[in-house]
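Dear colleague,

Please find below the structure that I am handing over to you. My notes on it follow directly after.

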Amino acid sequence: MSLRVYIPQDTTARALGADELVTLFHAEARRRGMELEIIRNGSRGAFWLEPLVEVEGNGGRRAFGPVTIDDVPGLFNANFSQQNSHPLALGPADEIPWLKQQQRLTFERAGLGDPLSIEHYRSLGGFAGLDRALRMQPQAIVDAVKESGLRGRGGAAFPTGIKWQTVLDTPGDQKYIVCNADEGDSGTFADRLLMEADPYQLIEGMAIAAVATGATEGFIYLRSEYPLARKILRQAISKAEAENWLGRNIQGSGKEFQLQLRIGAGAYICGEETSLLDSLEGKRGLVRFKPPMPAIKGLMGKPTVMNNVLSLAAVTTVLAKGADFYREFGSGRSRGTLTVQLAGNIKRGGLVELAFGHTLRELLEDYGGGTATGRAMRAVQVGGPLGAYLPEWQWDVPLDYEALAEIKAMLGHGGIVVFDDTVDMAQQARFAMEFCAIESCGKCTPCRIGSVRGVEVIDRIIANDDRAANRHLLDELCETMVDGSLCAMGGLTPYPVRSALQHFSTDFER
Amino acid sequence: MQVSPKSGSRSGLQSDSEPVTNLEQTLDAIVAEHAGQIGALMPILHAVQEKWGFVPETAIPILASRLNLSRAEVHGVVHFYHDFRSEPAGKHVIQVCRAEACQAMGSVALEEHIKNTLGIDYGQTTTDGQFTLQAVYCLGNCACTPTLSINDHIYARVTPKRFELLLQSLLKPVS
């Protein structure tokens, strides 16, 4: 008999042994004289179940997970393609409540098939947005993005449509589309998952941006820490070129869009948009003064659309299904879906896409299921290394941009890092300053020097060296960094520091 | 395993990279491949490092003259980015994630264990030229931490014990 099995080629799945499973499944099938086809799909983002192996048979695609190398013979013994008796059996993957209860728009296709198959992408609605955009006037495309209410998913939450309008309205002999794929925040992996599982969606979103603004060239600036995404994107771009979804004359429309992949070199600051532009130009990644905004003077001084991976991906849904469909999701001024990434000390970690407005507690408890260590949850950092640490009494905050800003926190790129009660928050505050000192571009003094002094002052507080005076000094230092830094790196580093001081002050008094 | 640190090492090339020969010709070929590109210096430096495992100091004036940049500009770029090395790395490059999602699962203790086991700190190479240790801030595996990578392969939920096993498998002679 013949078997068709899906084993993800995602970074996390591979880090948990997915490649070894492929070898073992082939060996076991050979031993039993069975024909076996393995499809390397992307991940569905349920990382707590990875490696999540799916098999076709008995009325659909059924999942097993997390599968270890020791489970392979047992799965065959349990006739896993026909029966659900194996202890790792999860039933149809679509029916796993953790996945089923999500509201997936951007990640609807993630994990369903071979990420590099254009045929598969098209069969699930891919390129429908670009197809439509190619038949629209640029202004109509920009209007649709504005009406959708989409705001930048990289962290700054600037309205995407307004940015595109500026680029469309700014005259220029050359315009560029730049995708910020420098996903450096700890606790985030949504961009990576999308690029590894559904790369054509990003390419499609960038092509739509090009058609909308009159840009003919684009760059994906990908961080070097994502070698698998690099490999997949490189292949996806070649295939899209070969099938005329990129190039001089996209699908015979007369529209041109050339796309290049560029690799960063390990600098966190290059996720800041102007630093990224300098890096793309072959320079040190120094932050630029704004204005001028990149939409007016961006790459090589030309009008440039600079968007995060998820913003560009979301545009494909807006174009394919309409602005009204997209804005139906969400709450207040935060429209559409939010991609939360549950990370750190969490039992059921992974990617959760939901409309804005669910509470942090729902995510931590209903999806996350508590800590991985089984201990009490104590602190939650939302929004990456520049995000605030939230104590338990703040976990009922709804996840939207405004609600978090109200409690001096930020949603950022949607990363949620959970810590149990063994965490020492004074050390976490110290690390926030240390990270800023390591990764500061060095252009402005509050960030470059302030972060170094911040580590020193926190060390003195921890050592009980003139504690009251040093706490006062730290407070003033934080104020200087917030008010005087050129970009969010120095400007937001005080957020984790101050939240730790405010909500976990006992940790500084040991 | 105990190995003593050797910083400033000039030996111990990465196994898959070549010794530095034909510097000018090779650089010319790499520069030609990227001719006319926006911001060609970054992809050129990546190509140089892929070729030799590091960016030789002697390459800087040559690249500067070919790209019509000052030596200071090229030097500045090489030294701004954590990825570019000015000296050869060991046979295996171990990157340990130091960021928050890994800290939440005990990476600080893992870091100490790794440093003690190898007898080196971040940015150093073991005397036998086997291992280079690097700090990294996020490998995008934040739901299944602690995370480290060895020669670009990423490993999840790494405990000190798991690290020992990985190390042993790397030291096993290839049959």
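Pro66(A) lies in the loop between strand S4 (61–64) and helix H3 (72–77) of chain A; helices (H or I, at least four residues) and strands (E, at least two) are DSSP runs, numbered from the N terminus. The peptide bond that joins Gly65(A) to Pro66(A) is cis, with omega about -10°. Pro291(A) belongs to the loop between helix H12 (273–280) and strand S9 (304–308) of chain A.

Please note that this is a predicted model: local features need pLDDT of at least 70, side-chain atom pairs count only at pLDDT 80 or more, and totals for chains, interfaces and linings use all residues. Residues are numbered from 1 along each chain as its sequence is written, while chains are lettered from A and ligands numbered from 1 in the order in which they are written.

Confidence

The model has an ipTM of 0.96 and a pTM of 0.96. For chain B the mean pLDDT (the predictor's confidence in each residue, from 0 to 100) is 90, and 89% of the residues of chain B reach 70 or more. Residues 1–15 of chain B have a pLDDT below 50; this stretch has 33 contacts in the model beyond near neighbours in sequence. Two residues are in contact if their C-beta atoms, placed from the backbone, lie within 7 Å.

Most residues other than glycine have a negative phi, and most peptide bonds are trans. Ala157(A), which is not a glycine, has a positive phi near 60°. This residue is found in the loop between helix H7 (138–148) and helix H8 (160–169) of chain A. Ala157(A) counts as buried because it has 20 C-beta neighbours inside 10 Å. A residue is buried if 20 or more other C-beta atoms lie within 10 Å of its own, exposed if 12 or fewer, and partly exposed in between, with C-beta atoms placed from the backbone.

In chain B, Asp152(B) also has a positive phi, about 75°, although it is not a glycine. Asp152(B) sits in the loop between strand S5 (148–150) and S6 of chain B. With 13 C-beta neighbours inside 10 Å, Asp152(B) counts as partly exposed.

H10(A) reaches 22 Å from its first C-alpha to its last, close to the 21 Å expected at 1.5 Å a residue; the expected span is 1.5 Å times one less than the number of residues. Gly214(A), which follows H10(A), has a positive phi near 85°.

A mixed sheet in chain A

Five strands of chain A form an open sheet in the order S13-S12-S16-S14-S15, with mixed pairing; two strands pair if DSSP finds at least two bridges between them. Strand S13 (350–355) and S15 are the edge strands, each pairing on one side only. Strand S14 (residues 377–382) of chain A is largely enclosed by the rest of the structure, because 6 of its 6 residues are buried.

S14(A) pairs with strand S16 (residues 415–420) of chain A in the antiparallel sense over 5 bridges, and Val382(A) stands opposite Ile416(A) there. S14(A) also pairs with strand S15 (residues 389–390) of chain A, antiparallel over 2 bridges. In that pair, Gln381(A) stands opposite Tyr389(A), and the bridge partner of Val380(A) is Leu390(A). S14(A) and S15(A) form a hairpin with 6 residues between them, and Gly383(A) in the turn has a positive phi of about 90°.

Chain B and its contact with chain A

Chain B has 7 helices and 6 strands. Of its 175 residues, 42% count as buried. The contact between the chains takes 34 residues from chain B and 48 residues from chain A. H2(B) gives the most to the side of chain B that touches chain A, with 4 residues.

Yours sincerely
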